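I would like to follow it one residue or pair at a time.

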Amino acid sequence: MGQNIESGKNFDIVKRAFDEGHVIGNHTYSHKNLKKLSDMEIKSEILRAEELVGNYLTIPKLIRPPYGAADMRVNKIIHELGYFSVLWNIDTLDWKNRSINWVNDAINQVKLREDSIILMHDIHKTTVDNVSNLIAKIRDQEKQFNFIAYV
């Protein structure tokens, strides 16, 4: 999210994640619901964030619209700007349930799906502290999982 990088506190995290091989995507500048914005405001949200992380974006460029809020108009603008939208099929609710319980909830959802894209938020300490626990539990499952950067 652009405004978190612009503050100067988090740019090192973006660079480190990129250097470690993680995919960097766009999450807009200020996390506004894109469906409630004008076309120009949508473009501004995306392009302002891109100015800050453009050197670290993958090809294809990925974006996760805040709240998963997109419609045909938003998707058209996203596509015109050269992005592919990525959403999730597992919401850990880590933003709501700030305890280790989100890990078990996520594992239960992973078990029910063939493919999973898991939503987590690195702004919460309980998520950062427990994401390795989630990954270990996923790897401990009987069925085979592959961790991929993007499709």
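Ser85 is partly exposed, because its relative accessibility is 34%; buried means a relative accessible area under 20%, exposed means over 50%, and partly exposed lies in between (1.4 Å probe, protein chains only). The residue belongs to strand β2, which covers residues 83-85. Helices (H or I, at least four residues) and strands (E, at least two) are DSSP runs, numbered from the N terminus. Apart from neighbours within four places in sequence, Ser85 is in contact with Ile63, Pro65, Asn75 and Ile78, where contact means heavy atoms within 4.5 Å. Gly68 is 17 residues from Ser85 along the chain, and the C-alpha atoms of the two are separated by 9.2 Å.

A word on the basis of these values. This is a predicted model, in which local features need pLDDT of at least 70 and side-chain atom pairs count only at pLDDT 80 or more, while totals for chains, interfaces and linings use all residues. Residues are numbered from 1 along each chain as its sequence is written, and side-chain values use heavy atoms, with hydrogens and water left out.

Next come the salt bridges. A salt bridge is a side-chain nitrogen of Lys or Arg within 4 Å of a carboxyl oxygen of Asp or Glu. By this rule the model has 6 salt bridges.

One of them joins Arg73 and Asp39, whose closest N and O atoms are 2.6 Å apart. This pair links distant parts of the chain: Arg73 sits in helix α4 (residues 72-80) and Asp39 in helix α3 (residues 39-53), 34 residues apart. Arg73 counts as partly exposed because its relative accessibility is 29%. Asp39 is also partly exposed, at 36%.

Another salt bridge is formed by Glu80 with Lys76, with 2.7 Å between the closest N and O atoms. Where do Glu80 and Lys76 lie, and how many residues apart are they? Both are in helix α4, and they are 4 residues apart, so about one helical turn separates them. Glu80 is partly exposed at 48% relative accessibility, whereas Lys76 has a relative accessible area of 53% and is therefore exposed.

Helix α6 (residues 125-139) holds both Asp129 and Lys125, which are 4 residues apart, about one turn of the helix. These two residues form a salt bridge, and their closest N and O atoms are 2.8 Å apart. Asp129 has a relative accessible area of 44%, so Asp129 is partly exposed. Lys125 is exposed, because its relative accessible area is 61%.
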